Amino acid sequence: MTIPALIIFGDSIVDQGNNNNLNTFARCNYSPYGKDFRGGIPTGRFCNGKTPADLVAEELGIKEYLPAYLDPNFKDEDALTGASFASGGTGFDPLTSQLSSAFSMSDQLDMFKGYTGKLKAMVGEDRTNQILTNSLFLVVAGSNDLTNTYFTAGIRKLNYDIKAYTDFLVNSASDFIRNLYAAGGRRIGVFGIPPIGCLPSQRTLAGGGLRVCAENYNQAAQLFNAKLSEALHSLTSTLNDRNARLVYIDIYNPLIDIIQHPKKYGFEVVDKGCCGTGTIEVAILCNFTSKMCPDESIYLFWDSFHPTEGGYKVLVKQILHKNVQKFI
Ligand SMILES: *[C@@H]1O[C@H](CO)[C@@H](O)[C@H](O)[C@H]1NC(C)=O
């Protein structure tokens, strides 16, 4: 299967630096982020090295690094092979991006329309459609909605229980996918939510004195995932183009397996990030004053919310292995 371009929407897992000029706490274009990225360049990726956006682009043989669409060095030619529109701190709930001053999912789709315009100006309408039809579109969001907006800030708890809130999120995700299809996306992979209760910061906030995984957070993620998977299935049958593929991508099970059996994957520390104490530092709290772990290769998490490049590599290999054929 030839995939000409990789086009990504979502949150900090795949933000390649789109937030760099925003006045937001969800930004990390400073050291020690990027410590292992092309000799130590902080680009705004929420990682020590490559993100899943880069790793997928590389594995599919598209390009070595997936640029942020808002990177000042982004050239028109880059649009031929894809970009990330993702923004750290965003979510399917519009309130989530408001709380973090990030780009909403619909902001990201608007940027994508600008991108499509550039492509058309460069190679014409037909070639643009051909590129879009065959490109891989990935959507990675939902974690911030649950961790930040629902559980930590507690705002949505006033009006929604977890059942109603996951319905709301899945409806919002479905709207986004419908709009993405209307904008030309055909091979669309949508990630589920990982076991957010086991993220180091969430263990600290909600896992008690022993910092165990917050089970109610994980159950909320699983509930969302079951509904999302079903929604994608029924949405597919409503689309005119029979060649369109909406694929649910399970990240929950691959990640929880690493957390439960770290040694199997070469990891030793899975309940703390490498940066600082590892229990709470993320974005601005992980900075040049933070003490670093001596060897991040044995850490699953880089900061208290985001995996290391090593962690992402294990996940991306499994995910591609399980899902690539489904886009054909
Ligand atoms: C750097 O992180 C520490 C905690 O790890 C925090 O106390 C400090 O305010 C941060 N520095 C900046 C400039 O934000």
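**Pockets, rings and cysteines**

Author: Let us begin with the largest pocket, which has a lining of 21 residues, and R38, R45, P67, D71 and N73 are those that lie nearest its centre. Please keep in mind throughout that this is a predicted model. The space in the largest pocket comes to about 440 Å³. Sorted by class, its lining holds nine nonpolar, six polar and six charged residues.

Now for the second largest pocket, where about 380 Å³ of space lies. It is lined by 19 residues, and F25, N148, V282, A283 and F305 are the closest to its centre. Two helices, α4 (143–152) and α6, each give at least two residues to this lining. By class, the lining of the second largest pocket splits into ten nonpolar, nine polar and no charged residues.

From the pockets we can turn to the aromatic rings. A pair of aromatic rings is described by how far apart the centres are and by the angle between the planes. The structure has 22 aromatic pairs. Take Y33 and F46: their ring centres are 6.5 Å apart and their planes meet at 70°, so this pair is edge-to-face. Both Y33 and F46 lie in the loop between β1 (6–10) and α1 (52–59), so the pair ties together parts that are 13 residues apart in sequence. Y33 counts as buried at 1% relative accessibility, and F46 counts as buried at 3%.

A second pair, F74 with Y115, is tilted, with 6.4 Å from centre to centre and 45° between the planes. Here F74 lies in the loop between α1 and β2 (82–84), while Y115 is in helix α3 (residues 105–134), so the pair ties together parts that are 41 residues apart in sequence. F74 and Y115 are both buried. They also belong to one aromatic cluster, formed by F9, Y69, F74, F85, F112, Y115, F137 and F176.

That leaves the cysteines. Searching the whole structure gives three disulfides. In one of them C198 is joined to C213, with the sulfur atoms 2.2 Å apart. The link of C198 and C213 is right-handed, with 115° about the S-S bond.

Next come C274 and C293, which form a disulfide with their sulfur atoms 2.1 Å apart. The torsion about the S-S bond of C274 and C293 is about -90°, so this disulfide is left-handed. C274 lies in the loop between β6 (269–273) and β7 (299–301), as does C293, so the pair ties together parts that are 19 residues apart in sequence. Both C274 and C293 are buried.

C275 is joined to C286 by a disulfide, S to S 2.2 Å. Its torsion about the S-S bond is about 105°, so the disulfide of C275 and C286 is right-handed. C275 and C286 both lie in the loop between β6 and β7, so the pair ties together parts that are eleven residues apart in sequence. Both C275 and C286 are buried.

If you count the bonded cysteines along the chain, the disulfides follow the pattern 1-2, 3-6, 4-5. C28 is in no disulfide, and the cysteine sulfur nearest to it, that of C286, is 8.4 Å away. C28 counts as buried, at 1% relative accessibility. As for C47, its sulfur is 9.2 Å from the closest cysteine sulfur, in C28, which is too far for a bond. C47 counts as buried, at 0% relative accessibility.

Conventions:
Residues numbered from 1 in each chain as written. Predicted model: local features only at pLDDT ≥ 70, side-chain atom pairs only at ≥ 80, totals over all residues. Heavy atoms only, no water. Disulfide = S-S within 2.5 Å. Helix = DSSP H or I, 4+ residues; strand = E, 2+ residues; numbered from the N terminus. Buried < 20%, exposed > 50% of the residue type's maximum accessible area, 1.4 Å probe, protein only. Phe/Tyr/Trp six-rings, centres within 6.5 Å; stacked < 30°, edge-to-face > 60°. 1 Å grid on protein atoms, 1.4 Å probe; cavity = no way out; pocket = protein on both sides within 12 Å on 5 of 7 lines; lining within 4 Å. Points joined across faces, edges and corners; volume = space filled by probe spheres on them. Nonpolar A, V, L, I, M, F, W, Y, C, P; charged D, E, K, R; others polar.
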